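Thanks for coming. I will go through one structure today, starting at the surface and then moving to the charged pairs. Please have a look at it first.

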Amino acid sequence: MRIGQRVVRDDRVTTHVALVARAFGARKILMTEVNPDIKCTIEKVTNIWGGNFSLEFIENWKSEIKMKKNSGFKIVHLSMYGEKINDIQDKLNKQEKLLIVVGAEKVPREIYEVADFNVSIGNQPHSEISALSVLLDRIQYGTQFEKVFSGAKRKITPSKRGKSVEMEEPRD
Ligand code: SAM
């Protein structure tokens with residue numbers, strides 16, 4: 001869940017948060033700011049590169065978090081003030097369903113209370129894109145990179161040099 005976004009200024013960052021979420025194995029991103037351009041970009045990427053990632057605009061983050069909690073999700077809030085990722089990654093790996101919250105500007109104080117885990121990726125301020133990617137990597141131990149994205153029109157074969165890309169044949 002991406003809470004807040006400074007309109008225009010944060011568009012690129014929010015798009016990258018969504019791209020990281022998708023590429024690192026998340027199922028969905030919930031956004032509190034409506035931005036059809038970001039939705040369109042993410043849908044285009046998913047259409048070409050596969051998988052079932054989706055983007056949803058939400059009106060009320062509080063009620064959304066409440067609903068998720070009631071359906072068994074644990075809430076992880078990424079914050080430089082939280083518990084150290086090194087201390088908590090194994091515990092997070094054991095959770096079945098996680099909702100990860102990242103901020104843009106200063107997040108509302110209540111998030112610290114409602115979160116099951118406030119987690120820091122180091123105790124220095126940096127970026128929601130990097131915090132999310134490190135968290136997703138740590139809690140999945142790199143297995144997210146073995147995931148196959150179903151229905152992909154393009155697939156990369158990793159190679160030492162150059163670009164090896166398999167393209168789907170155009171349908172009649
Ligand atoms: N000054 C803001 C505050 O105090 O919340 C920081 C905003 S920061 C640009 C945007 C988001 O990046 C934060 O809400 C948090 O989710 C994430 N973030 C930045 N540094 C982090 C860190 N060291 N550990 C975890 N998350 C971090």
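On the surface, Ile156, Val165 and Met167 make up a nonpolar patch, and together they have about 290 Å² of accessible area. A patch here is made of residues with over 30% relative accessible area and no salt bridge, where like charges are joined within 9 Å and nonpolar side chains (Val, Leu, Ile, Met, Phe, Trp, Tyr) within 5 Å. Accessible areas come from the Shrake-Rupley method with a 1.4 Å probe, and for residues only the protein chains shown count as cover.

Before going on: this is a predicted model, in which local features need pLDDT of at least 70 and side-chain atom pairs count only at pLDDT 80 or more, while totals for chains, interfaces and linings use all residues. Residues are numbered from 1 along each chain as its sequence is written, and side-chain values use heavy atoms, leaving out hydrogens and water.

Val165 sits in strand E7, residues 165-167; helices (H or I, at least four residues) and strands (E, at least two) are DSSP runs numbered from the N terminus.

Next, a loop residue. Gln124 lies between strand E5 (117-120) and helix H6 (128-140), and it counts as exposed because its relative accessibility is 57%.

Now the charges. Side chains of opposite charge can pair when their charged atoms come close. How many salt bridges does the structure hold? There are six, a salt bridge being a side-chain nitrogen of Lys or Arg within 4 Å of a carboxyl oxygen of Asp or Glu.

One of them joins Glu128 and Arg2, with 2.7 Å between the closest N and O atoms. This pair links distant parts of the chain, 126 residues apart: Glu128 is in helix H6, and Arg2 is in the segment before helix H1 (11-23). Both residues are buried.

Another salt bridge is Lys62 with Glu110, at 2.9 Å. It connects helix H3 (residues 61-70) to helix H5 (residues 110-114) across 48 residues. Lys62 is partly exposed at 44%, and Glu110 is partly exposed at 38%.

Asp116 also forms a salt bridge, with Lys69, at 3.8 Å. Asp116 is in the loop between H5 and E5, and Lys69 is in helix H3, 47 residues apart.

Methods:
Buried < 20%, exposed > 50% of the residue type's maximum accessible area, 1.4 Å probe, protein only.
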